[in-house]
Amino acid sequence: MLVAMRCFLKRSLSAAVALAVLLLVINVVLWTQEDPEIQELRQRARIVGLQELEADWNKESLQRLVNATSFSNISYQRFMGLPLLQKKVLTVGLCSIKRKRENYLLDTLRSIFTQSTEDELRKMVVVVHLADADQQWNAQVAESIARRFTPQLLLGRLIVIHAPSEYYPRLKGLKRNFNDAEDRVRFRSKQNVDYAYLMNFAVNLSTYYLMIEDDVICSKSFFTAIMKAVASRQDSPWVMLEFSKLGYIGKLYHSSDLPLLAQFLMLFYQEMPCDWLLVHFRLLLAQKDVIRIKPSLFQHVGLYSSFQGTANKLIDDDFEEEPFVLPDNPPADIFTDIMAFDHYRAANAYSKSQEYFWGHAPSAGNSFVLVFTQPARLSRIQIQTGSDQHPEDYLQAGLVELGNQKKSGSFNCVRYTTIGLFQRGYFDRRDLENSTPTAPDCLRIMVTANQQEWLIIRNIRVWIKRGS
């Protein structure tokens with residue numbers, strides 16, 4: 001009996017060590033030379049991994065650790081939802097627990113379904129993990145979901161699950177990193193495990209996996225917008241695309257990465273909050289830069305946190321409820337006579353990433369010009385200047401023009417038509433299809449007054465008339 005137990009412990013320890021080694025060396029083949037940031041991250045992962053394996057509570061609870069990182073042992077409680085007959089394109093995953101104040105889950109689900117077309121709904125499935133330890137609460141919420149969303153359940157578009165508490169690792173006596181209070185550490189550590197079990201359940205449901213929180217609203221046709229963003233990056237590898245700048249909202253993954261991500265969250269569950277862990281995971285899988293798509297497709301609406309019911313008024317100011325999917329931003333060459341600061345190039349303002357243009361203080365007569373590769377009928381133009389970090393660096397006086405007839409040998413057009421003025425650094429104009437006699441060749445921002453502050457052009461978004 002003693003020999004058998006020793007053999008079991010040896011195999012268990014080997015499995016845990018193997019997982020840690022996997023996380024430490026996963027990218028050896030992806031990098032031949034690493035920058036200091038990546039090296040520092042790997043050193044941190046190595047230290048944390050060893051701490052996880054050597055901690056006293058792990059020696060006492062080795063079986064729980066192995067069970068937690070070996071997801072094949074999990075038996076989920078499936079509250080409701082039919083098995084999928086075929087693999088979907090997208091899984092939308094969210095966890096929910098009992099809140100001390102308001103609960104937003106039903107409103108979030110309603111937003112997902114009402115903001116999606118019938119064709120979009122056929123291509124996705126929503127998975128809700130009711131992760132509270134109070135089984136009575138879980139059952140009551142499941143019953144409410146059944147009453148409100150019966151058609152979605154019967155059509156296989158909604159699944160509600162629960163991972164029993166006996167599969168969770170120890171949640172008491174955890175390391176108090178960042179000087180967090182014990183209850184805060186326990187809350188965020190359990191949240192990491194909640195997400196890990198949700199991801200594990202969703203591994204084979206779809207091609208892509210989208211994580212949101214249970215207190216958000218969605219943009220109209222967010223599915224189509226996400227797929228358009230994915231298609232635009234088909235030749236560029238990515239690990240995580242971000243469709244919101246807040247927390248763990250609107251983060252998209254390849255479902256094929258979910259097994260590793262779930263194990264990563266589980267192994268380091270007590271180290272830090274989930275959104276911090278996700279940054280480390282992205283770096284380990286060789287995506288150094290954040291890829292954030294604008295406008296944001298999800299908005300946080302919860303007024304109170306799920307942790308102790310404290311006030312939480314976080315707002316994503318890049319959210320658009322009806323963005324008509326993403327802007328087209330047709331190919332264009334970009335020129336300006338405003339001196340750029342450091343690496344904040346003019347082209348950044350027209351890209352669909354989070355980069356922006358930052359230039360020295362402009363003077364009246366300075367311009368920022370887009371010369372389109374091919375003329376096209378535009379339906380809408382939206383331009384944002386300034387930023388959250390530098391709100392004073394906005395365009396204080398300026399106008400927007402559309403130009404026709406490219407100048408030979410010049411980065412400009414012969415004739416321009418003014419279509420509107422900036423209002424406190426913001427410009428948004430629709431129904432532009434007939435604003436010029438012919439399809440415009442240029443878009444020009446003109447500075448109309450000197451200003452002392454520098455200028456940030458955060459983004460320029462252009463929509464093309466359908467069928468043009």
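Mentor: Terms before anything else. Helices (H or I, at least four residues) and strands (E, at least two) are DSSP runs, numbered from the N terminus. Two strands pair if DSSP finds at least two bridges between them. The model is predicted: local features need pLDDT of at least 70, side-chain atom pairs count only at pLDDT 80 or more, and totals for chains, interfaces and linings use all residues. Residues are numbered from 1 along each chain as its sequence is written, and side-chain values use heavy atoms, with hydrogens and water left out.

Trainee: Fine. What stands opposite Met211?

Mentor: Lys251, in β8. Strands β5 (residues 206-211) and β8 (residues 251-254) run antiparallel, joined by four bridges.

Trainee: And what is the strand order in the open sheet?

Mentor: β1-β4-β3-β2-β5-β8-β7, seven strands with mixed pairing. β1 (77-80) and β7 (241-242) are the edge strands, each pairing on one side only.

Trainee: Switching to helices. How do α11 and α12 cross?

Mentor: At roughly 130°, with axes coming within 11 Å. Axes are lines fitted to C-alpha atoms, for helices over the stretch in contact; angles run from 0 to 180 degrees between N-to-C directions. Under 35 degrees is roughly parallel, over 145 roughly antiparallel, 65 to 115 roughly perpendicular, the rest oblique. So α11 and α12 are oblique to each other.

Trainee: Which residues of α11 meet α12?

Mentor: Leu260, Leu261, Phe264 and Leu265. On the α12 side they meet Leu277, Leu278, His280, Phe281 and Leu284 (contact means heavy atoms within 4.5 Å).
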